[in-house]
Every structure is written in structure tokens, then in C-alpha cells.
Amino acid sequence: MSADLTPAVDVRDFDLAAPFDGFVEDPFPIYDALLAQAPVLPQKDGSYVISRHADLDRIYRDTTLFSSDKKAAFAPKFGPESELFEHHTSSLVFSDPPLHTRVRRVMTSALTPRAIARMEPGLIVAVDRLLAQMDSGGEVDLIEDFAACIPIEIIGNLLDVPADERAPLRDWSLAILGALEPALSAETLARGNRAVAEFKAYLGDLVARRRAAPGDPETDVLTRLINAETGPEGAEGLSEIELIQNCIFILNAGHETTTNLIGNGLALLHDYPVQKARLLAQPELMKTAIEEVLRYRSPNQLGNRETTDQVEIGGVTIPAGSNLHLVIGAANRDPQVFAEPTKFDIARKPNRHLAFAGGPHVCVGLTLARLEGRIALERFLASFPDYSILPGRRDGGRMRFRGYAALPARLSGTEGQSAAG
């Protein structure tokens with residue numbers, strides 16, 4: 001590692017449950033220090049923080065030594081009888097086979113390249129409608145008025161949620177995913193449990209309506225999930241609770257990360273005007289620009305696995321049953337993998353980021369997320385190439401998910417422009 005990349009801060013006593021001041025707002029100096037000083041860092045609670053790209057890549061690919069099942073970790077965190085425990089231990093992301101296999105099979109069959117290609121015209125219409133609604137001469141919030149609206153529209157369409165019933169979805173999603181933070185307040189726990197209960201009640205009613213009037217399983221994922229309850233050729237299908245909890249998962253996962261991808265992309269292009277000008281001059285770079293946003297400001301910064309046996313990682317012996325915090329945001333800045341990792345470069349190639357995790361648990365919606373990000377940024381830049389971020393941007397305030405709660409902007413003019421390259 002070159003001397004200019006060696007951080008001054010000492011992170012050997014860094015505690016993810018009680019992080020250093022300023023970490024939530026700007027974790028990247030700590031990430032760099034973890035990579036340099038302690039890529040495998042024991043925590044006070046017996047867990048481990050893992051930061052290197054090669055280690056995360058290995059862990060994602062090995063489902064024998066590293067389990068995604070979180071029942072042991074989430075029982076003390078949420079309470080074994082809680083709504084949050086039931087949700088997070090029934091959904092795709094925190095499960096092992098056979099549940100993971102059954103649910104993923106249904107989702108991948110619904111998100112084929114052909115199915116996603118069919119979504120593109122509707123996505124363009126939805127994005128253009130949002131752009132037309134924004135006041136080009138006034139102040140807008142690029143999160144509330146744009147970024148957060150797109151995935152709700154797309155995932156709502158995917159499950160055929162009636163448009164006039166989508167208003168609560170975002171707040172439910174934020175409350176449920178907020179409970180995944182390493183440290184959890186009583187208020188956040190209560191809000192998360194309440195959101196799951198309300199979400200389940202709503203979806204139970206929606207499922208009943210859909211059973212009475214099924215949609216086209218080629219385009220309606222909810223109907224496809226309902227049909228999957230029996231399983232193919234007599235195989236075990238989804239239970240009622242697995243069906244409902246994975247509908248919640250689809251709505252949550254598709255909403256939060258895509259909102260952050262779009263919002264982070266707009267903020268980064270503003271903050272790096274040389275890169276923005278390059279993209280405007282070379283719109284064919286949009287696909288690599290999306291990948292660089294995913295690497296540089298990954299919407300999902302942390303993942304978890306649990307060891308099923310004693311294992312050695314980076315020269316550190318880790319006991320069976322240990323919880324591993326996988327720091328995606330650090331791995332995506334690993335100088336062993338990325339040249340000039342702290343540089344935002346929209347033409348970066350290769351770009352082996354881990355924003356979508358990897359292995360059998362690689363994000364099932366990654367192609368759809370990339371499409372949403374590309375269309376959103378392409379159409380926005382075509383409409384408002386001179387937009388500027390105004391003072392008052394507000395971070396999402398979470399460690400696991402990296403995005404903005406508010407991103408005030410003017411759609412024309414140069415106020416607030418950064419001098420960064």
C-alpha cells in the first residue's frame with residue numbers, strides 16, 4: 001500500500017456498535033484505516049468486522065462455512081417472538097436452503113432479462129412524468145420528489161399494488177430496514193415491529209384479493225408467489241407467512257437500495273463536476289458511471305454471515321457461531337483490487353465491486369436496479385443538465401444503508417457547485 005493511502009487514525013479499538021464520532025456521516029476514512037490496519041477486527045461482543053475484498057468474496061461464495069441464517073443473531077436483537085424476528089428470518093436475504101432456494105427460484109423466474117426489458121418503456125414513462133412534475137425554476141428535493149418515487153412505482157407495479165395504496169410503503173420500508181442497524185434504540189425497535197405488523201396486515205388483505213382475482217403470472221410477481229405455494233411437481237412451496245414476508249422483502253429491498261443509488265448518483269455527479277461534464281459529453285459512459293456510483297457510495301454498506309465451523313480469515317482464527325460484519329463499503333475501496341480507490345471515475349474498468357454481494361446470495365434484483373439507476377440518471381441529466389445541490393442536504397443517518405434523507409436542489413443554475421474533480 002502506498003504511503004498516501006495509509007490513514008493516520010488508529011482503528012484497532014473501533015466498535016461497530018458504538019462507532020467513532022462522525023463515522024455515520026463519513027465512514028470512508030475509517031474504512032481506509034480498517035483495510036490498512038485491521039482487515040479482520042474482533043469486536044467486544046464476539047463478532048468480527050471483515051473489510052478486505054478478497055475475504056468478502058470468499059465468504060459470499062462459501063455457503064458451507066458461512067451461513068446467512070440469522071435466527072441465532074436476531075433472537076436476542078429483536079426478541080424471538082417479535083414481528084421483526086419473524087420477518088428477517090423468513091425473508092430471502094437472511095435464509096439458507098431450502099427456504100432460500102425456494103424463494104429465489106420464484107423471484108429469478110419473474111426477473112428474467114426478457115421480463116426486465118418489458119419494464120423499460122413503463123419505467124421511462126414514470127421517470128419522465130416525475131421530471132415533468134418538478135418545478136424547473138424552484139427548489140426541489142431530489143429524494144422525495146424523484147429518487148424515492150421511482151422504486152415504489154416499479155416494485156409496486158411488479159407486485160401490482162394499487163397505485164392509491166402505495167403511500168405507506170416507503171415509511172414501512174424505512175422502519176423495517178432501520179432495525180438492521182448494529183445498534184438499536186427502543187424507539188427504532190418499536191417502530192420496526194409496528195411497521196412489520198401493519199405491512200403484514202395490508203399484504204394479507206392484498207393476497208386475499210389476488211387469490212380471488214389472480215393476475216398474469218408473467219407480469220405479476222405476487223400472483224407468481226401465490227402459485228408457488230404448492231411448489232413445482234409436488235415440491236415444497238411457500239407457506240403463507242413466507243409468501244407475505246418475502247413480499248415485504250421485495251418491496252423493502254427494491255425500494256431502499258435503488259433510492260440510494262439514484263440519490264447518491266445525483267449527489268456525486270454534482271460534487272464532481274469534471275466527471276459530470278464528461279458524462280454529459282459521453283453519454284455512452286452511463287453504464288460504467290452507474291457501476292462507479294455503486295462502488296464509490298454503495299447503497300448497502302454492510303452485510304452479515306455466521307460461521308458454521310472454526311475458520312481462519314486473514315490470519316485470525318474465528319470460532320464457530322461467530323457473527324461476521326462484512327464491510328462492503330470498505331471492500332469497494334480495497335487498493336488491492338481498485339486502482340486509486342478513493343477517486344470517483346465514471347469510466348472505471350474493471351470494476352469488481354461488491355455492492356450487490358456475491359455468490360448464491362448475489363442480489364436477485366441487480367439487473368432491475370441497474371436499469372432503474374441508468375434510466376433515472378439519463379433522463380434527469382437530459383432534462384436538467386445544470387442542476388445544483390443546495391445547502392441542507394441531509395444524510396440518511398444509518399450505517400448499513402448509505403443514502404440521503406433529503407437532497408435539496410435547484411434544477412437550473414450553478415448555486416452550490418463543488419470544485420471537486
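Two strands are said to pair if DSSP finds at least two bridges between them, and the legends below apply this to a predicted model.

**View 1. Strand 9 and strand 12 run side by side in an antiparallel arrangement.** Strand 12 covers residues 408-410, and two bridges join strand 9 to strand 12. Within this pair, I389 stands opposite A409, a residue of strand 12. Strands of a sheet pair through backbone hydrogen bonds, either parallel or antiparallel.

**View 2. An open sheet is formed by three strands in the order 4-12-9.** The pairing in this sheet is antiparallel. Strand 4 (139-141) and strand 9 (388-389) stand at the edges, and because each has a single partner strand, one side of each is left without a neighbour in the sheet.

**View 3. Helix 9, which spans residues 169-178, is mostly covered.** Seven of the ten residues in this helix are buried, namely L169, W172, S173, A175, I176, L177 and G178. The buried residues of helix 9 pack against helix 4 (83-88) and helix 8 (149-158), and also against helix 10 (186-212) and helix 12 (240-271).

**View 4. A115 is a buried residue that lies in helix 6.** Helix 6 takes in residues 113-133. The relative accessible area of A115 is 8%, and this residue therefore counts as buried, since buried means under 20% relative accessible area. From C-alpha to C-alpha, A115 and G314 are 42 Å apart in space, while in sequence A115 and G314 are 199 residues apart.

Definitions and conventions. Residues numbered from 1 in each chain as written. Predicted model: local features only at pLDDT ≥ 70, side-chain atom pairs only at ≥ 80, totals over all residues. Heavy atoms only, no water. Helix = DSSP H or I, 4+ residues; strand = E, 2+ residues; numbered from the N terminus. Buried < 20%, exposed > 50% of the residue type's maximum accessible area, 1.4 Å probe, protein only. Contact = heavy atoms within 4.5 Å.
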